[in-house]
Amino acid sequence: MSTSLRHRLRGPAVACLAASCALLLAACGSEQKETTTTSARIAPAQTTATGGPTATGSASASPSGSASPRLTDDQAERQRLVPATKVTWDKAVQTAVATVPQGKLVETELAWAPPNATASGSATASASPSVSPGASASGSPSEGAGARTPAWHTSVATADGTLHDVWVDGVSGKVISDRPDADQDAEDKQELADRLKRTTVTPEQAVQTATQDDKGTVTAVELDDDAWSVDVVDTSSWDKTTYEVSTTERRVLRQEVDRD
């Protein structure tokens, strides 16, 4: 074969080979581009599913409810004392006043009974305690309150102003102790007797006035110079509101909320 013929045949062959290589490279480039594009689509989806802010694991870790507010020491004490008490303030006062001839209430306050206190007798029939369902009124002072017994610490005065210190069990309604106040002198007695004579609003009326818009639990009633001081505890928040009610007319003079 002549040299010119070989050159004429080689030209088309080279051109064909070049065209084949071009097609192969184009195909490889297209495959590589498709692979890169596919990888780029998958990667963000995987990141979102496993570590993104919308992952279900992150949502389930959030708290399911808000925490209850922390009670102060006084609120926590009221929370323990009030539910343990089965005898209402008025029933305790009836019992305390009945132990003192011609006695009149000066003060009563719900507190824990003195250590080792025991009831000394049965409550009078008119002063039968108000007992919550399921609780017994005939048991020992420690029933319903564990080792600590709720009690009403009450001051009752005779007509001449002599004070008697009376403790009434807050569970059974019985008298724990009754003794004259040894700290009074003649002037103190006369001052108290005069104050009682000037007071025309009864403690029951004072409490009714104080609680007409506040249906909480009464924990203290005290006769001051010109007002009855009435403490009412809100058993949902354990705050205490003190109302001062006039001793001569049934109206609230002042009120103050204690949230401590």
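In which strand is the place of tryptophan 112? Tryptophan 112 has its place in strand E1, which covers residues 104-112, and the views below begin with the whole predicted model before turning to this residue and to several others.

**Figure 1. Overview of the protein chain in the predicted model.** The protein chain holds six helices and eight strands, and these elements, when read along the sequence, follow the pattern α-α-α-α-β-β-β-β-α-α-β-β-β-β. Of the 260 residues in the protein chain, 33% are buried. Nine salt bridges are found when the whole structure is searched, and some of them are shown in the close-up views that follow.

**Figure 2. Close-up of the salt bridge between aspartate 258 and arginine 78.** The side chains of aspartate 258 and arginine 78 meet in this salt bridge with an N to O distance of 3.3 Å. Aspartate 258 belongs to strand E8 (residues 252-258) and arginine 78 to helix H3 (residues 73-84), so that the pair links distant parts of the chain, 180 residues apart. Arginine 78 is buried, with a relative accessible area of 10%, whereas aspartate 258 is partly exposed, with a relative accessible area of 22%.

**Figure 3. Close-up of the salt bridge between arginine 195 and aspartate 225.** In this salt bridge the closest N and O atoms of arginine 195 and aspartate 225 are 3.6 Å apart. Because arginine 195 lies in helix H5 and aspartate 225 in the loop between strand E5 (217-223) and strand E6 (227-233), the pair ties together parts that are 30 residues apart in sequence. Is arginine 195 buried or exposed? Arginine 195 is buried, with a relative accessible area of 15%, while aspartate 225, at 55% relative accessibility, counts as exposed.

**Figure 4. Close-up of the salt bridge between arginine 254 and glutamate 244.** The side chains of arginine 254 and glutamate 244 meet here with an N to O distance of 2.3 Å. This pair links distant parts of the chain, with arginine 254 in strand E8 and glutamate 244 in strand E7 (residues 240-246), ten residues apart. Arginine 254 is partly exposed, its relative accessible area being 43%, and glutamate 244 also counts as partly exposed, at 23% relative accessibility.

**Figure 5. Close-up of a patch of negative charge on the surface.** Which residues gather in this patch? The patch brings together Asp183, Asp185, Glu187 and Asp188. Aspartate 188 has its place in helix H5, which covers residues 186-198. With a relative accessible area of 33%, aspartate 188 is partly exposed, and this value therefore meets the requirement that patch residues have over 30% relative accessible area.

Key: Residues numbered from 1 in each chain as written. Predicted model: local features only at pLDDT ≥ 70, side-chain atom pairs only at ≥ 80, totals over all residues. Heavy atoms only, no water. Patch = residues over 30% accessible without salt bridge, like charges linked within 9 Å, V, L, I, M, F, W, Y side chains within 5 Å. Areas by Shrake-Rupley, 256 points an atom, 1.4 Å probe, with all protein chains shown as cover. Salt bridge = Lys/Arg side-chain N within 4 Å of Asp/Glu carboxyl O. Lys, Arg positive; Asp, Glu negative; His and termini not counted. Charge placed at Lys NZ, Arg CZ, Asp CG, Glu CD. Helix = DSSP H or I, 4+ residues; strand = E, 2+ residues; numbered from the N terminus. Buried < 20%, exposed > 50% of the residue type's maximum accessible area, 1.4 Å probe, protein only.
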